[in-house]
Amino acid sequence: MGMPLRSYVALGLIAAAPLITLAAAFYQMYGKGGDGPIAPSIVAQPAAPAAAPRAAAAPAAAPGAALPEVAQPRPAAPVPGRSAMDFAAYRPAWEAALQRADVDAGKQLAQAGKAGVQACVACHGQAGVTPLGGAFPNLAGLTQDYLAKQLWDFRDGSRQHPVMSGIAKGLSDEEIAHLARYYGGLPPGAPAAGKDTGGHEAAIRLDTVGDGPRALPACANCHGLQGRGEGALLPRLAGQPAPYFVDQMNAFRSGQRQNDDVGAMRAFAQRLTPEEIGQLSRYYESRPPAQE
């Protein structure tokens, strides 16, 4: 018995569906023209903007002619003194003289002076510890490098003083080195006479901790704990007369003294109150210059 008619019809529809799909795809691909199997949609493009006028072209160089020179950037002018690009070791001007200095010549000059130059002992004492106090510093216990730099600065005007500037101008490089070597070799003197009245709380805090909110590092970072000295060009503060310390801090505050490295002491002094400077002066005056 054969298949019913409706079965043949169903089979025919099933077979015809793929053929219809293929025919539609063929028509889509080839029936609308275009230059490929799948013609892209044609989208109208905006008109190109008018080209900006071009400068007249330079005439072409003749074959073999030299090309025009191009200006090269000029190198930056060198910065005098120390800089980030200076890789040479820094050598202060007094260093060579110190290497040739004679202690005996320095002692003779300190005790007797010379024509036009007063003897150092008149103000700074026989052993480098001033008997006068006040604005005269103790020289014993300071390093020879620091002493040489200060005398050099007095002489060239980097540091001003009504007495020392004139004295330093009468000294040669060798004489400055002799004095620095002599005083730099003397042992530190005893602290100033008199009873320590105490009241150093603010000074002790500034010496050991500093004050971060005011950008004040601890004084001990540079000058050693209790001002006992730290480094060749960082002076010992312990045992220095209080009036001398106050005078120097006020000179830094006002800008009268300007021979501090990169202005560090001027900046620090301006952040301290007069009361703190007074406390620091009395604290350092009462400290023994050497370790107990």
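1. In this predicted model, helix α8 meets helix α12 through Glu201, Ala202, Ala203, Ile204, Arg205, Leu206 and Asp207 on the α8 side. The partners in α12 are Glu276, Gln279, Leu280, Tyr283 and Tyr284. By class, this contact of α8 with α12 comprises seven nonpolar residues, one polar residue and four charged residues.

2. The geometry of this pair may be stated next. Helix α8, spanning residues 201-208, packs against α12 at an angle of about 85 degrees, and the two axes are 8 Å apart. Because angles of 65 to 115 degrees count as roughly perpendicular, α8 is described as roughly perpendicular to α12.

3. Helix α12 (residues 274-286) also packs with helix α10 (residues 242-254), here at an angle of about 140 degrees and with the axes 8 Å apart. The helices α10 and α12 are therefore oblique to each other. The crossing of α10 past α12 is right-handed. On the α10 side the contact involves Ala242, Pro243, Phe245, Val246, Met249, Asn250 and Arg253. Helix α12 contributes Ile277, Leu280, Ser281, Arg282, Tyr284 and Glu285. Eight of the residues in the contact of α10 with α12 are nonpolar, two are polar and three are charged.

4. Asparagine 250 deserves a separate remark. Asparagine 250 is partly exposed, its relative accessible area being 37%. Its C-alpha atom lies 7.4 Å from that of alanine 269, a residue 19 positions away in sequence.

5. Is tyrosine 146 buried or exposed? Tyrosine 146, located in helix α5 (residues 144-156), has a relative accessibility of 9% and is therefore classed as buried, since buried means under 20% relative accessible area. Leaving aside residues up to four places away in sequence, tyrosine 146 touches Arg159, Ala232, Leu233, Pro235 and Arg257. Glycine 231 is 85 residues from tyrosine 146 along the chain, yet their C-alpha atoms are separated by 9.2 Å.

6. Most residues other than glycine have a negative phi. Alanine 215, however, has a positive phi of about 55 degrees, although it is not a glycine. This alanine 215 sits in the loop between α8 and α9 (220-223) and, with a relative accessibility of 42%, counts as partly exposed. Glutamine 226 likewise is not a glycine and has a positive phi, of about 60 degrees. Glutamine 226 is placed in the loop between α9 and α10.

7. Finally, the overall description. The protein contains 12 helices and zero strands. Of its 292 residues, 33% are buried. Among contacts with a sequence separation of 6 or more, 64% are accounted for by residues 24 or more positions apart.

Terms used. Residues are numbered from 1 along each chain as its sequence is written. This is a predicted model: local features need pLDDT of at least 70, side-chain atom pairs count only at pLDDT 80 or more; totals for chains, interfaces and linings use all residues. Side-chain values use heavy atoms; hydrogens and water are left out. Axes are lines fitted to C-alpha atoms, for helices over the stretch in contact, and angles run from 0 to 180 degrees between N-to-C directions. Helices (H or I, at least four residues) and strands (E, at least two) are DSSP runs, numbered from the N terminus. Angles under 35 degrees count as roughly parallel, over 145 as roughly antiparallel, 65 to 115 as roughly perpendicular and the rest as oblique. A crossing is left-handed if the near helix is turned anticlockwise from the far one by less than a right angle, and right-handed if clockwise. Contact means heavy atoms within 4.5 Å. Ala, Val, Leu, Ile, Met, Phe, Trp, Tyr, Cys and Pro count as nonpolar, Asp, Glu, Lys and Arg as charged, and the others, Gly among them, as polar. Buried means under 20% relative accessible area, exposed over 50%, partly exposed in between (1.4 Å probe, protein chains only).
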